[in-house]
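I opened this model to look up its fold, its surface and a few single residues. These are my notes, in the order in which I went through them.

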Amino acid sequence: MASRPAPVDPLTLEVVELIGSVVLRFHQEYDEAAARHSLTGAQARLLTLLHHQCLPMREIARRLKCEPSNITGIVDRLESRGLVERRPDPADRRVRLAAATEAGHETAERLRASMDFAAEPLADLTPAERALLRDLLRRTLGEASPDTSAG
């Protein structure tokens, strides 16, 4: 006879539900902000990634948790709009990097600025509380905090 798993305590259930609500609300606002810039959610996420650095297609796929072939199509559409370009990787000329163009950087900045929910709830937290929340979320995901003393 198989043993039943121990019941989850009510506090854990509430925390999980709250995290789910935050994620859902963030994705809804992200998709709405993307649409205001004539982007799909996936295009906006890719553009946001490239706003910080040029990346090979495989790395973009890994970070966005999708197939590299999907990334090719998204990059093609963003490239046709002048928001992304492909460049040779200086470290390995066989690899192509996707990079945001100047227009892509501007769009990524406008996109981020139009997302109130991403910053609003955190504005009520002190820097120490935000650092604690970050560290707890990293720990929940099994990630080590690079410097737990930084806030």
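The entries below go from the whole chain to single residues.

**Entry 1, ground rules.** I am working on a predicted model, in which local features need pLDDT of at least 70, side-chain atom pairs count only at pLDDT 80 or more, and totals for chains, interfaces and linings use all residues. Residues are numbered from 1 along each chain as its sequence is written, and side-chain values use heavy atoms, with hydrogens and water left out.

I looked up the secondary structure and found seven helices and three strands, where helices (H or I, at least four residues) and strands (E, at least two) are DSSP runs numbered from the N terminus. Read from the N terminus, the order of elements is α-α-β-α-α-β-β-α-α-α. Along the principal axes, the C-alpha atoms fill a box of roughly 55 × 45 × 35 Å. The radius of gyration of the chain is 19 Å, whereas a compact globule of 151 residues would be near 15 Å; the value is taken over C-alpha atoms, and the globule rule is 2.2 Å times the number of residues to the power 0.38.

I then noted that 27% of the 151 residues count as buried, on a scale where buried means under 20% relative accessible area, exposed over 50% and partly exposed in between (1.4 Å probe, protein chains only). The accessible surface comes to about 10500 Å², of which carbon and sulfur atoms hold 56%; these areas come from the Shrake-Rupley method with a 1.4 Å probe, and for residues only the protein chains shown count as cover. Of the contacts (heavy atoms within 4.5 Å) with a separation of 6 or more, 46% join residues 24 or more positions apart.

Which residues make the nonpolar surface patch? I list Leu11, Val15, Ile19, Val23, Leu122, Leu133 and Leu137, over about 540 Å². Helix H1 (10–36) and helix H7 (127–140) are the elements that give two or more residues to the patch, and H1 gives the most, with four.

A search of the whole structure gave me one aromatic pair. The ring centres of Phe26 and Tyr30 are 5.5 Å apart and their planes are at 40 degrees, so the pair is tilted; rings of Phe, Tyr and Trp (its six-membered ring) pair if their centres lie within 6.5 Å, with planes under 30 degrees apart counted as stacked, over 60 as edge-to-face and the rest as tilted. Both residues lie in H1, four residues apart, about one turn of the helix. Phe26 is partly exposed at 25%, whereas Tyr30 is buried at 4%.

Ser38, in the loop between H1 and helix H2 (41–52), has a positive phi of about 55 degrees although it is not a glycine, and it is exposed at 54%. Gln43 lies in H2 and is buried at 8%; leaving aside neighbours within four places in sequence, Gln43 is in contact with Ser38, Ile74, Arg77 and Leu78.

Technical notes: Patches are made of residues with over 30% relative accessible area and no salt bridge: like charges are joined within 9 Å, nonpolar side chains (Val, Leu, Ile, Met, Phe, Trp, Tyr) within 5 Å. A salt bridge is a side-chain nitrogen of Lys or Arg within 4 Å of a carboxyl oxygen of Asp or Glu.
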